[in-house]
Amino acid sequence: MSTSQPVDTIISSTEEGLLIHPEEFVNTLPSLQYQYEALCIEDVCVDTLVQEYGTPLYVYSKQAILSAYEAYENSFAMIDHQICYAVKANSNLSVLKVLVEAGAGFDIVSRGELARVLAAGGDAKKVVFSGVGKTKKDIEAALQAGIGCFNVESVSELELIQKVARRLDKVAPISLRVNPNVDAGTHPYISTGLRDNKFGITHEEAVAVYQQAAEFSNIQVVGIDCHIGSQLTEVAPFLAALDKVIELVETLQEKGITLEHIDLGGGLGVRYIDETPVSIADFAEALLPKLQALNLKLFLEPGRSIVANAGILLTQVDVLKPTAHKNFAIVDAAMNDLIRPALYQAQMAVLPAVLPSSLGIDTYKCWEIVGAICETGDFLAKQRLLSLAVGDVLAITGAGAYGFVMSSNYNTRARAAEVMVSEDQHWLIRPRETIEQLFAQEQALLS
Ligand SMILES: *Cc1c(COP(=O)(O)O)cnc(C)c1O
């Protein structure tokens, strides 16, 4: 994947709207290319997939997932490390299975995600459990499975883990998630390393909490953890957080508490349109000198940077509605399928499944790409210069992370199907929901 390609060769931002040059743009993504005029993912044309599975449809490239994972593996090869893929980014069993086979560990945030990892054949010992509000049931399930580490975010959680572990006669390995109070410079909803966030234990309190943890009979202190946010494009906030964490590691050492690992969380950003995130290799190169000096096993919890650009969402144009002020293209995917634009004002690229030049027309207009849901916030992309006709298939790129997993049944809409592609093969990895399934569990109480 090349993020080094100059941005102005792939997009033009005009007063009328944003023009994404499809052929140049896909060159910056793994596994997507136009073969003749048709958009293909690996060696499968998206039209084939639409004909077989319908729309809206999530499609993931196995090779793209693997190459992002391997970029982490290779970049950190010179130190002891464990890459724990953040399951919440995309938790389909087939996605997990691809990563299990590659040797990944997993970062989970619920016992539901733990069940998925185990169902996909994942090794519980390579699982770390993050999250600010673990329940008794979560902790029980994780202890029974024998996970590698709980990333603890409060004294109250520490006490609960101690209590549950004691009852089950287990020893719980733990890290404390410290909040290094650094500004990740990302969207406020996905920034987690600031003092005012709900996440982690403050730097000031951390030593005392570690000392408390060391006294508990059924707790074993094994590491330290931080996660400062998501979609970070620069390495500086990671370095700042690492410095703060190293300071703590040294203080703890002086107090007789020695750790086995340091977990720097996830959060590395990706290019959605014109972002220029630091590459995984450069990220590693910047961190490695400090990590080598520290000599602890490194854990990382990347989610987005492994799956985002391995996935696309295919959708069909149902209605074109030009108005005096704006032109609306109403597509069959909506905010219930892909909420990132509505929730985070995220910008994602929208590409034609077939290049318009082949249609022999030159009818670019500025379109608002919207869903059919009864919310003004239901948009997928704003002000895009595209040449559209009813029935056209569009691909929203960067949809492999925080896409399907955040989808809902709002407006009683069945969730999309998911497909995995590898070379010239494709598999349905989750069928489209049926309308009947949506209310099969409900009771209509009669008076
Ligand atoms: C969400 C999350 C991750 C993954 O973040 P990405 O931005 O997807 O890499 C990792 N660790 C924790 C604790 C998280 O909450």
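Which helix holds V307? Select V307 and see: it is in helix α11, which covers residues 304-307. Keep in mind that this is a predicted model.

**Stop 1: V307**

Is V307 buried or exposed? It is buried, because its relative accessible area is 1%, and buried means under 20%. Now show its neighbours. V307 touches I65, Y85, A89, N90, V95, G400 and A401, leaving aside residues up to four places away in sequence. V307 and Y402 are 95 residues apart in sequence. In space, their C-alpha atoms are 9.1 Å apart.

**Stop 2: the ligand**

Y402 is one of the closest residues to the ligand, along with K88, S230, E301 and R304. In total, 14 residues surround the ligand.

Zoom in on these atom pairs:

- R304: a backbone N or O atom lies 2.7 Å from an oxygen atom of the ligand.
- G303: a backbone N or O atom is 2.9 Å from an oxygen atom of the ligand.
- H227: an N or O atom in the side chain is 3.4 Å from a nitrogen atom of the ligand.

How much of the ligand does the protein bury? Taken alone, the ligand exposes 390 Å², and the protein buries 94% of that.

**Stop 3: E418**

Move on to strand β22, residues 417-422, and pick E418 there. E418 is buried, yet it has no salt bridge. Select R430, the nearest side chain of opposite charge.

Now select N92. The side chains of E418 and N92 are joined by a polar contact of 3.0 Å. Among the other residues that E418 touches are L57, Y58, F404 and W427. E418 also touches N90, and so does V307 from the first stop.

Methods:
Residues are numbered from 1 along each chain as its sequence is written. This is a predicted model: local features need pLDDT of at least 70, side-chain atom pairs count only at pLDDT 80 or more; totals for chains, interfaces and linings use all residues. Side-chain values use heavy atoms; hydrogens and water are left out. Helices (H or I, at least four residues) and strands (E, at least two) are DSSP runs, numbered from the N terminus. Buried means under 20% relative accessible area, exposed over 50%, partly exposed in between (1.4 Å probe, protein chains only). Lys and Arg count as positive and Asp and Glu as negative; His and the chain ends are not counted. A salt bridge is a side-chain nitrogen of Lys or Arg within 4 Å of a carboxyl oxygen of Asp or Glu. A polar contact is a pair of N or O atoms within 3.5 Å; within protein, one must be able to donate a hydrogen and the other to accept it, and residues adjacent in sequence count only if both atoms are side-chain atoms. Contact means heavy atoms within 4.5 Å. A residue is near a molecule or strand if one of its heavy atoms lies within 4 Å of it. Accessible areas come from the Shrake-Rupley method with a 1.4 Å probe; for residues, only the protein chains shown count as cover.
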